[in-house]
Amino acid sequence: MAFNSAQSLQLARDTLDIEAQALLGLKSRLDDRFAQAVQLMLNVQGRVVVTGMGKSGHIGRKIAATLSSTGTPAMFVHPGEASHGDLGMIKRVDIVLGISNSGESDELVAILPMLKRQGVPLIAMTGGLHSSLALHANIVLDCSVEKEACPLNLAPTASTTAQLALGDALAVALLDARGFKAEDFARSHPGGSLGRRLLTHVSDVMRSGDEVPHVLPNASLTELMREMSHKGLGASAVVNAQHHIVGIFTDGDLRRLIEKGSDLRQLTAQDVMHPNPRSVKKDDLAVTAAELMESHRITSVLVVDNNLHLCGALNSNDLMRAKVI
């Protein structure tokens, strides 16, 4: 069969139109039952158990994952496996979110009487408003669609899009009701970039102890350069007897001195340092240090404790290794 590129493009556009209309229809039908479902899920003492068969099951897995990552404990239970022992995973303190376009999936319908017998609340997400699933449910969320995007009106397309969008709407409403913050999201995503940005503190990535280059104000320029070379930071702090930072000297400062033709032999750290350098606290987020470096176009920053004593240092390479930037 010859490939018709124009027809493929038209079918793609038709698919997006149909699915967009399905979502607009879903939006227009939202009512108090949605708010009731959110309230029920918000107050659950156990978990939201999501279940569904076939394509609805795939959507259910994603909804369960989204709920879990946004503060609502959730898990997916396959309805077929539930009839063969996994029903024991569902407790009286749980809530079941059953997903089925028709509401008549055999495997799902088979476990409904047992759920009712256990007294487990059931939220139905279905297009079959008079189906077995709807009749057993405490709350019915209408996710019916006028037609599927499939030209044969058979393959679940618009219907699964509607299910997925409604699941996202539930998750968003729940995270807002819980006061869920970016920091909370990061705690459930410690391996992701957001987790690193929101959970990594300066103290986790900074150089400390003998790794921190520092000299006294009366140190010679030779001593200052030796300290910088030995510690490999590209800069050195200048501190007073109380270990408070009074200045900083960098590789760039050294280049500029040489370009000016300055007599380097007679200079001290106090002569060449930049006074009152920018610093961060060790309890700050590492991303704060990254933003400071970027905004002021610097590559190193000194770290102070709560008493403003020098306690560490870091540069952009340290942040890159920690994948903060």
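I began at β9, where Pro 275 stands opposite Gly 247. This is a predicted model, in which local features need pLDDT of at least 70, side-chain atom pairs count only at pLDDT 80 or more, and totals for chains, interfaces and linings use all residues. Residues are numbered from 1 along each chain as its sequence is written, and side-chain values use heavy atoms, with hydrogens and water left out.

I looked up the strand pairs next (two strands pair if DSSP finds at least two bridges between them; strands are DSSP runs of E, at least two residues, and helices are runs of H or I, at least four, numbered from the N terminus). β8 and β9 (residues 274-275) run antiparallel, joined by 2 bridges. β7 (residues 235-239) also pairs with β8 in the antiparallel sense, over 5 bridges. The β7–β8 hairpin has 5 residues between its strands, and His 243 in the turn has a positive phi of about 70°.

The largest pocket holds about 380 Å³ of space. I noted 21 lining residues, with Ile 248, Thr 250, Ile 298, Thr 299 and Ser 300 closest to the centre. β8 (245-250), α12 (251-260) and α15 (316-321) each supply at least two lining residues, and α12 gives the most, with 5.

Terms used
1 Å grid on protein atoms, 1.4 Å probe; cavity = no way out; pocket = protein on both sides within 12 Å on 5 of 7 lines; lining within 4 Å. Points joined across faces, edges and corners; volume = space filled by probe spheres on them.
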